[in-house]
Amino acid sequence: MKTRNIMIVGVGGQGSLLASKLLGRLLLTKGYDIKVSEVHGMSQRGGSVVTYVRFGDKVYSPIIDKGEADYILSFELLEAARWTEYLAPGGKVITNTQTINPMPVIIGAAQYPENLVQKIGETVEVIAMDALTLAEQAGSSKAVNIVLLGQLSRHFDFTEEEWMTAIEQSVPSKFLELNKKAFTLGRNY
Amino acid sequence: MKKLMLGNEALARGLYEAGCRFVSSYPGTPSTEITEFVALYDEVYAEWAPNEKVAMEAAFGASLAGKRSFCGMKHVGLNVAADPLFTIAYTGVNAGMVIAVADDAAMHSSQNEQDSRHYAKAAKLPMLEPSDSAETLAFTKLAYELSERFDTPVIVKMCTRVAHSQSVVETADRVECVKEYSKDPAKYIMMPGNAKLRHPIVEQRLSDIAVYAETADINRIEQGSDNSIGFITGSTSYQYVKEVFGDKHPVLKLGMVWPLPTEKIKTFAATVDKVVVVEELDGFVEEYCNTLGLEVSGKDILSNIGEFSQGLVASTFGIATHSGKKAEENIPARPPVMCAGCPHRGLFYTLAKNKITALGDIGCYTLGAVPPLAALDSTICMGASVSGLHGFVKSGSEQRAVAVIGDSTFMHSGITGLVNIAYNDSASTVIIVDNSITGMTGHQQNPTTGKNLKGDPAAKIDLETLCKAVGIKRVRVVDPYDLAACEQAVLEETAIKEPSVIISRRPCALLKYVKHNAPLTVNPDKCKSCKMCMKVGCPAISMKAGKATIDNTLCTGCGVCAQLCKFDAFDKGGEN
């Protein structure tokens with residue numbers, strides 16, 4: 001099987017590490033070779049962060065290069081636009097429509113681009129959703145990551161039960177129901 | 001059992017399985033998680049040392065006592081530990097001793113891009129370099145075998161993409177391995193008479209390990225179908241080469257980067273038309289090949305700056321890749337910033353407002369250099385703010401200047417600089433930004449926090465007493481959320497012509513025990529759009545429709561911005 005590539009992008013602190021951990025656990029139970037590449041340290045302080053998830057029969061490189069991603073799962077709209085050129089032909093962007101201003105925009109040194117959903121949609125296939133509102137419906141704004149994983153899950157053959165098991169293995173039990181609800185809201189969107 | 005593990009977790013697992021009993025490290029990205037993961041095994045004693053030199057010497061002591069030992073650090077940490085490294089190379093070990101060093105090509109979270117392989121050569125030590133988590137686990141166990149077989153510390157060299165990538169590993173059981181201690185002055189007391197006798201032993205040992213390297217499985221030749229090119233490579237570069245070429249071209253995959261297997265390299269080169277060495281950063285293996293008289297390609301076509309990728313390797317060899325499409329040309333950068341509620345913000349605002357030169361240090365607070373605060377003037381290495389300030393002040397500069405250093409960094413390397421300020425009497429003002437944790441690397445305990453690596457209560461260094469004990473008479477504490485108090489302290493201490501310390505104390509806003517206030521709100525009728533509140537560079541404040549607005553998902557209610565508002569436009573919430 002050809003190696004499949006998923007990029008998880010967002011702003012440091014949005015929970016991309018949990019999303020990649022969960023995905024990794026699920027893929028391991030399916031017997032794939034897997035590489036998941038994360039960013040720690042300085043980039044986590046509100047900077048642009050990217051996690052690469054690759055799986056297949058044999059995976060060599062831990063990273064995904066331009067033009068290689070089958071899916072870009074983006075927790076923030078500007079970050080979806082930043083990484084669009086990493087998408088492979090036929091790839092899809094699944095993005096949160098939430099916007100978080102980066103410091104150059106906050107201090108007026110740059111503009112947050114307008115109509116980004118439309119611009120991304122003119123370039124590649126995009127699914128844009130208000131994952132923040134769905135996460136709040138589930139019980140916490142922090143569950144944006146799980147809402148988006150729910151939407152991503154529609155594009156893979158794994159059963160809902162398999163995803164739920166991976167959630168159980170990855171989140172503390174007191175947040176389990178919240179995260180399951182967030183996943184379902186994202187999956188059914 | 002198959003598991004998905006981060007490279008750093010796999011290294012920790014390797015330590016556990018190899019029967020390692022003692023771990024001492026100082027945190028540093030990308031090496032930190034090795035020690036955090038190994039601390040989860042009850043069979044292994046693990047600690048945070050104040051710095052890498054202390055950690056390495058402690059690990060040596062444990063090895064001397066007969067317990068397999070380990071210390072881990074980032075590339076620049078090995079500079080700090082270089083002093084013991086070069087002499088432990090002479091003494092060798094009793095029980096196995098392994099040192100991990102993690103390089104950070106592309107400087108994801110570092111101040112330079114040095115290539116640690118040079119240390120192995122300079123200190124005449126063996127160095128192993130894994131390319132994924134499974135190899136990391138296996139090489140760590142092998143490192144202990146080699147350490148005891150050849151009587152040497154062994155370095156395992158990691159890099160960001162191995163340390164911070166998860167891949168599949170097979171775990172095994174732990175095997176205990178303990179040696180007896182016996183006194184051996186000629187081996188362990190490195191005074192000239194003994195050291196002169198040890199040096200030839202070191203040279204012989206390196207020759208012996210080079211012989212081992214010739215037949216070692218970790219230096220393997222993978223055959224290909226097309227011998228027009230043969231690659232010599234290792235670490236992640238190996239993965240990129242395989243990603244691009246698969247089994248097409250022969251590959252000499254080096255798991256040991258020092259000493260190098262001379263005959264194996266020559267034999268490999270003889271079977272291919274052209275040898276290309278693919279290695280990140282310096283042309284370390286390439287230069288070695290040159291000394292063998294081999295004509296190889298390497299840094300003539302590949303950069304010695306930054307990281308590689310499969311796309312970069314492909315384009316170097318003229319292989320077309322899909323370039324992807326941009327959705328938008330003008331995408332603003334999103335650099336890391338100080339968090340909302342960061343206690344350092346109030347202090348940096350004060351320094352910037354008063355145009356005070358600030359020699360900075362290594363930690364989250366390096367982000368005080370980022371606009372709009374732009375409050376720092378230099379950042380070199382751990383501790384350099386304090387010692388650098390002394391030189392700046394003693395040189396006779398009239399510019400008001402301070403050093404800014406974190407609590408953990410101060411314990412690591414700041415104290416000796418402060419001793420110099422007191423001893424040689426410079427009118428320096430050192431500001432210790434004490435956020436009660438090692439922040440940047442992800443909240444590690446340190447000697448000022450009162451807890452150890454496992455989270456248990458530990459001795460707590462009293463910074464005020466310590467500063468006074470080294471001879472600083474003027475020591476005061478301020479709350480950086482109180483801008484007026486902060487400004488008063490900074491202006492008074494920088495005006496007085498004697499050494500002083502200001503401790504800017506408030507715990508990191510991300511610590512779980514820190515209670516936040518309710519988010520502030522802006523009354524748009526009172527907001528005059530003066531943008532004074534924007535000067536603190538808080539990610540929770542932005543201008544929308546000409547008025548300041550607060551992102552209530554980020555705001556911690558610290559109130560620093562409200563102190564800048566001349567129009568009383570901020571409404572405070574209560575305790576949250």
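Biologist: What makes β5(A) count as mostly covered?

Modeller: Eight of the ten residues of β5(A) are buried. Buried means under 20% relative accessible area, exposed is over 50%, and partly exposed is in between (1.4 Å probe, protein chains only). Strands (E, at least two residues) and helices (H or I, at least four) are DSSP runs numbered from the N terminus.

Modeller: Ground rules, too: this is a predicted model, where local features need pLDDT of at least 70 and side-chain atom pairs count only at pLDDT 80 or more, while totals for chains, interfaces and linings use all residues. Residues are numbered from 1 along each chain as its sequence is written, chains are lettered from A and ligands numbered from 1 in the order written, and side-chain values use heavy atoms, with hydrogens and water left out.

Biologist: How many residues does each chain bring to the contact?

Modeller: Chain A brings 55 and chain B brings 58, where contact means heavy atoms within 4.5 Å. About 4,700 Å² is buried between chain A and chain B, and carbon and sulfur atoms give 59% of that area. That area is the accessible area (1.4 Å probe) that two parts lose on being put together, summed over both.

Biologist: What makes Lys119(A) and Glu328(B) a salt bridge?

Modeller: The rule asks for a side-chain nitrogen of Lys or Arg within 4 Å of a carboxyl oxygen of Asp or Glu. Their closest N and O atoms are 2.6 Å apart, so the pair qualifies. Across the interface of chain A and chain B the rule finds four salt bridges, and over all chains it finds 38.

Biologist: Why does Lys157(B) count as buried?

Modeller: Because its relative accessible area is 7%, under the 20% limit. Lys157(B) forms a salt bridge with Asp103(B) at 3.9 Å, N to O, which is within the 4 Å of the rule. Lys157(B) lies in strand β7 (residues 154-159) of chain B and Asp103(B) in strand β5 (residues 97-103) of chain B, so parts 54 residues apart in sequence are tied together. Asp103(B) is buried because its value is 2%.

Biologist: And why is Arg117(B) called buried?

Modeller: Because its relative accessible area is 3%. Arg117(B) sits in helix α6 (residues 117-123) of chain B. Its side chain makes a polar contact of 2.8 Å with the side chain of Asp115(B), and reaches the backbone oxygen of Asp282(B) at 2.8 Å. A polar contact is a pair of N or O atoms within 3.5 Å; within protein, one must be able to donate a hydrogen and the other to accept it, and residues adjacent in sequence count only if both atoms are side-chain atoms.

Biologist: What does the side chain of Ser500(B) make with the side chain of Glu493(B)?

Modeller: A polar contact, at 3.5 Å. Ser500(B) is in strand β19 (residues 500-505) of chain B and is buried because its relative accessibility is 1%. Glu493(B) also forms a salt bridge with Arg476(B), at 2.8 Å between the closest N and O atoms. Glu493(B) is buried at 2%, whereas Arg476(B), at 22%, is partly exposed.
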